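Here's a quick briefing to read alongside the model. Have the viewer open and follow the topics one by one.

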Amino acid sequence: MPAPLLDRTFLERLERLTIHWLKSFPGLVGGHNTSRFSGAGQEFLDHRHFHHGDDLRAVNWRAYMRLEKLFLKMFQVEPRVPVRILIDSSASMLTGGDASKFDSARRLAGALSYIGLVRLETIALQPFSESLWDSYLCGGGRHRFAPAADFLSRLEARGRTSFFEVAREYASAYPQRGLLIMISDFLAEDDCEKPLQYLADIGHELLLLHIWAEEDRVPPWSGELELIDAESGARLEMSFEDDVRSLYTGRFDDYARGLRELAMRKGGRYLGFSTRTPVEDAIFGPLSQVQAVS
Amino acid sequence: MFFFNLTAVEFLAMLSAISSFVVVLYLLDRSRRRQVVATLRFWQQSDLPSQRKHRRKIQHPLSLLLQLIALLLLLLAIAQLRIGAPGASWRDHVLLLDASAWMNARVPAGLLIQETRRAALRYIRALPASDRVMIVRADAISTPVTGFESNRETLENAIRQLEPGVSALNLAQAFDFASQALRLEGGRPGEIVFAGAGRMTSEAIGELPSPPRNLRILPVTREPDNCGFRRAVISRSPADPELWQTFLTVRNYGRRSRSLPLLAAFGGAPVATRRLTLEPGAEASVGFEFRTNAAGWLQARLETGDGLPLDDTVMVELPAHRSMRITVYSADPGLLRPLLSANARFETVFRRPGEALDPQAAILIFDRSPAAAPVSQHSIWIDPPPGSSPVSVSGRKQNVTLGWRSEHPLATGLRTKDARIESTQVFASAPGDIPIAEAEGGPVILAREGKAKTAVFGFHPMRTALRYELATPLVFANVLKWMSPDIFRAVELHAGSVGAVSVPLEEGIDAASVRAVLDERFQLPFTIRDQKLRFFSGAPGLVRLRLGERDLVYSLSLPEIADSRWEPPKSARSGFTGIGGVDSVARDLWYWLALAGGLVLLLEWILFGRGTALSGATRARIARLIPFVRQRQPPARRAS
């Protein structure tokens with residue numbers, strides 16, 4: 001029997017957390033403020049006279065029996081900000097030795113899903129690589145977490161990443177604006193900044209969770225190397241020595257800094273951590289500090 | 001210069017093989033490693049150096065050169081490269097350390113054994129490090145303390161723990177042992193080294209064969225003055241068992257005349273004092289007598305104040321006097337009184353016939369009288385009345401001629417010529433009975449074995465013509481000795497030194513009956529040759545010899561001090577000269593080579609090692625200090 005995605009103790013610690021977003025999305029009540037508009041919901045708001053075409057299911061039949069007049073019950077509209085978690089499932093997520101980025105991404109997505117389910121949010125789990133894969137929509141409480149965890153556990157990383165294609169498909173598949181949590185190593189042949197900028201421009205709030213392996217940032221090898229790209233299979237032969245290592249690390253840090261600036265510029269947030277950082281520490285550390293969860 | 005473990009050809013072959021192996025490993029180490037990465041984005045940056053075109057090319061020749069130099073140095077160290085002639089390699093030596101009793105002597109600089117230890121340690125430290133040494137403890141018996149050992153700490157510990165014994169030095173055996181050890185177990189024979197005073201007995205020096213050619217002497221020349229006991233003999237007076245006759249032998253081992261007081265005490269009470277004047281090398285005997293019937297310790301002490309106190313005191317444990325009680329039931333005690341009172345070991349009691357039996361008596365004699373009760377002790381019946389004889393009487397004969405059955409020990413020495421007995425009872429012997437004397441018709445003196453031994457006389461010897469014959473007291477003595485042999489056993493006490501002891505034997509001693517017992521527990525092996533019994537005891541103890549009717553008790557408590565000094569031959573090397581000569585001819589270089597190899601490896605690791613803790617800048621600075629270090633070439637880049 002495979003080990004569970006998240007253990008029970010960790011899940012119990014997650015129950016007091018809530019996913020926060022910063023923006024007020026068009027057509028919806030943003031943040032966690034209670035809506036002043038009536039509509040479909042669970043909480044009773046008021047009565048009004050029945051008009052032709054109203055939903056008969058909202059008629060207060062007890063009042064009709066007593067007063068012989070049709071009154072319609074009105075309910076408080078619940079804020080339904082869609083939370084969508086994009087999980088990078090490309091082959092590059094499998095590199096990094098024993099602790100792969102893909103495992104960290106799945107555990108992080110699972111933890112965020114559980115936090116949302118506890119708060120009765122609707123969470124869309126959307127894996128991607130070259131394009132969007134089949135998604136999984138979960139909501140309705142913590143008892144719906146087990147199918148979500150199974151979905152995440154069954155995921156297998158493969159293929160190459162194409163952020164342009166993913167952004168295009170996402171924009172057409174999810175027209176309703178919401179919180180977009182992207183968990184990825186953001187390593188692809190093409191550029192990822194423009195697609196992310198595009199998604200932010202059309203109204204999605206970006207929460208970029210950048211996961212890297214230690215060898216992605218500081219390669220431990222030296223000498224004569226034949227490097228193979230995990231996604232494209234491209235090869236590169238080179239001599240890599242200690243004095244070049246710092247140059248490489250500087251390049252990586254520059255790239256991560258660019259992602260952070262993009263997110264900040266577009267009103268989103270960016271968090272980066274290595275696979276050595278446990279998911280527990282990431283949730284209660286950096287994610288809590290930037291008020292992504294609290 | 002030569003290689004200790006390898007010939008030059010073997011060395012070069014091994015160096016070539018290992019160097020080739022190292023070069024191959026070096027090239028393999030420098031070969032390209034295949035690695036899957038998440039992206040090539042950062043590797044393809046223009047400011048990163050890229051691949052080299054010829055990957056099999058030696059890229060750091062200095063690194064390879066340093067590795068090969070380190071390999072050469074380490075291989076030379078393993079081969080134990082030496083400067084010198086091949087004959088001057090390691091050797092095996094046997095170091096004989098004098099552990100005789102003489103080494104207990106004290107001189108102004110300390111004990112002689114300490115001086116011996118210092119000489120031995122100095123010799124060990126002067127030897128080349130590769131030489132092996134066997135430490136042998138040399139006293140009466142040569143005993144190896146270590147095997148052939150090159151570990152100097154082990155050897156020095158063995159030397160420091162060596163303590164002298166109490167026996168004398170036997171160099172002949174030590175030289176023989178050392179020669180055999182070198183021949184059988186040693187590698188390249190070295191020296192046989194003797195460290196010590198070389199004090200031996202004159203006999204041992206006379207029997208010493210020519211010493212080995214490779215002998216070296218580390219002499220201990222200090223000679224302390226010493227006077228001491230050599231032996232002591234204590235025995236009971238034959239006439240008076242309570243009188244002890246003591247003879248002490250004292251020797252002056254020194255080179256000046258000494259006048260010494262001697263004090264002897266028994267149980268703490270002085271029994272004799274003497275003053276002895278001894279010339280150098282002279283021995284003197286002192287005799288004195290004292291009377292006691294009690295057991296106790298006799299201690300004799302010489303007030304010498306010399307350097308060897310071990311032989312200044314001699315102590316012997318004296319046994320208590322034992323007597324045997326004989327009760328005679330006779331109406332005419334005057335007949336047997338002279339016969340029984342002649343021996344001081346007998347305590348004779350006379351009672352009238354018919355009195356109650358004496359339970360404390362060892363032997364009962366019934367003179368023409370019956371026993372008042374059944375007899376459970378040994379008994380002698382003389383002309384028993386009819387019906388009271390313990391053996392069957394076949395009749396009485398008159399005027400018979402007596403004949404002795406001398407084949408039995410009971411009749412040993414009995415001789416009479418035409419001895420006639422006027423009247424005697426003749427007994428009917430049963431199987432197992434021992435006839436001592438016979439007349440016509442049967443035995444007239446009969447002995448019977450049993451838990452209580454019995455002897456029956458058919459006549460009273462003191463009432464016949466036999467009373468004038470020597471056979472009469474002899475036959476009584478034989479019967480009494482047969483019944484209680486221990487009371488007739490003579491005890492002689494000797495105090496001597498440990499080692500080999502030679503005891504002269506009387507004629508007629510049955511070798512099968514001789515026993516030697518150490519400390520009343522262990523059978524001690526001995527040899528009998530030329531009427532001498534020889535045994536050896538390497539440790540102090542009490543040895544009891546049973547020689548027929550004589551007991552000799554040897555209290556081996558004195559050290560065996562040799563009386564002469566062995567003079568080594570002039571051909572033998574002496575002192576410490578020439579020990580290090582071998583080392584100066586062939587000098588060990590392996591540790592310097594190993595150190596140099598390690599330093600070269602360390603330098604290579606600092607300059608080119610991957611896992612070094614030094615930063616790149618530090619290594620660059622170190623590399624700049626060495627002008628011949630080639631700067632690394634910026635590689636060209638090639639993407640596949």
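Helices (H or I, at least four residues) and strands (E, at least two) are DSSP runs, numbered from the N terminus. This is a predicted model, where local features need pLDDT of at least 70, side-chain atom pairs count only at pLDDT 80 or more, and totals for chains, interfaces and linings use all residues. Residues are numbered from 1 along each chain as its sequence is written, while chains are lettered from A and ligands numbered from 1 in the order in which they are written.

**Chain A overall**

- Chain A has 9 helices and 10 strands.
- Of the 294 residues in chain A, 37% are buried; buried here means that 20 or more other C-beta atoms lie within 10 Å of a residue's own, exposed means 12 or fewer, and partly exposed is in between, with C-beta atoms placed from the backbone.
- Take the contacts in chain A between residues at least 6 apart in sequence: 76% of them join residues at least 24 apart. Two residues are in contact if their C-beta atoms, placed from the backbone, lie within 7 Å.

**Helix H3 of chain A and its two partners**

- Two packed helices are described by the angle between their axes and the distance between the axes. Axes are lines fitted to C-alpha atoms, for helices over the stretch in contact, and angles run from 0 to 180 degrees between N-to-C directions.
- Helix H3 (residues 101–118) of chain A crosses helix H9 (residues 279–289) of chain A at roughly 50°, and their axes come within 9 Å. That angle makes H3(A) oblique to H9(A); angles under 35 degrees count as roughly parallel, over 145 as roughly antiparallel, 65 to 115 as roughly perpendicular and the rest as oblique.
- On the H3(A) side, A:Ser104, A:Arg107, A:Leu108 and A:Ala111 meet A:Val279, A:Ala282 and A:Ile283 in H9(A). By class, this contact of H3(A) with H9(A) has 5 nonpolar, 1 polar and 1 charged residues; Ala, Val, Leu, Ile, Met, Phe, Trp, Tyr, Cys and Pro count as nonpolar, Asp, Glu, Lys and Arg as charged, and the others, Gly among them, as polar.
- With helix H4 (residues 145–154) of chain A, the H3(A) axis comes within 10 Å and crosses at roughly 165°. That makes H3(A) roughly antiparallel to H4(A).
- Here A:Arg106, A:Ala109, A:Gly110, A:Ser113, A:Tyr114 and A:Leu117 in H3(A) meet A:Phe145, A:Ala148, A:Ala149 and A:Leu152 in H4(A). The contact of H3(A) with H4(A) divides into 7 nonpolar, 2 polar and 1 charged residues.

**A covered strand in chain A**

- Strand S7 (residues 205–212) of chain A is mostly covered, with 8 of its 8 residues buried.
- A:Glu205, A:Leu207, A:Leu209 and A:Ile211 point one way from S7(A), A:Leu206, A:Leu208, A:His210 and A:Trp212 point the other way, and all are buried.
- S7(A) pairs with strand S6 (residues 179–184) of chain A in the parallel sense over 6 bridges; two strands pair if DSSP finds at least two bridges between them.
- A:Leu179 has A:Glu205 in S7(A) as its bridge partner.

**Sheets in chain B**

- An open, mixed sheet of 6 strands runs in the order S8-S7-S4-S9-S11-S38 (chain B). Its edge strands are S8 (143–144) and S38 (573–574) of chain B, each pairing on one side only.
- Strand S11 (residues 215–219) of chain B pairs with S38(B) in the parallel sense over 2 bridges, and B:Ile217 stands opposite B:Ser574 in S38(B).
- Another open sheet, of 4 strands with antiparallel pairing, has the order S15-S14-S17-S18 (chain B). Strands S15 (269–278) and S18 (313–318) of chain B stand at its edges with a single partner strand each, so one side of each is left without a neighbour in the sheet.
- Strand S17 (residues 296–302) of chain B is joined to S18(B) by 6 bridges, running antiparallel; B:Gly296 has B:Leu318 as its bridge partner in S18(B).

**Residues to click on in chain B**

- Most residues other than glycine have a negative phi.
- B:Asp383 has a positive phi of about 40° although it is not a glycine. B:Asp383 is found in the loop between strand S22 (378–382) and strand S23 (393–401) of chain B, and counts as buried with 20 C-beta neighbours inside 10 Å.
- B:Asn399 also has a positive phi, near 50°. B:Asn399 is in strand S23 of chain B and is exposed, with 11 other C-beta atoms within 10 Å.
- B:Asn214 is in the loop between helix H6 (202–206) and S11 of chain B, and 18 C-beta neighbours inside 10 Å make B:Asn214 partly exposed.
- B:Asn214 and B:Ser571 are 357 residues apart in sequence and 9.3 Å apart in space, C-alpha to C-alpha.
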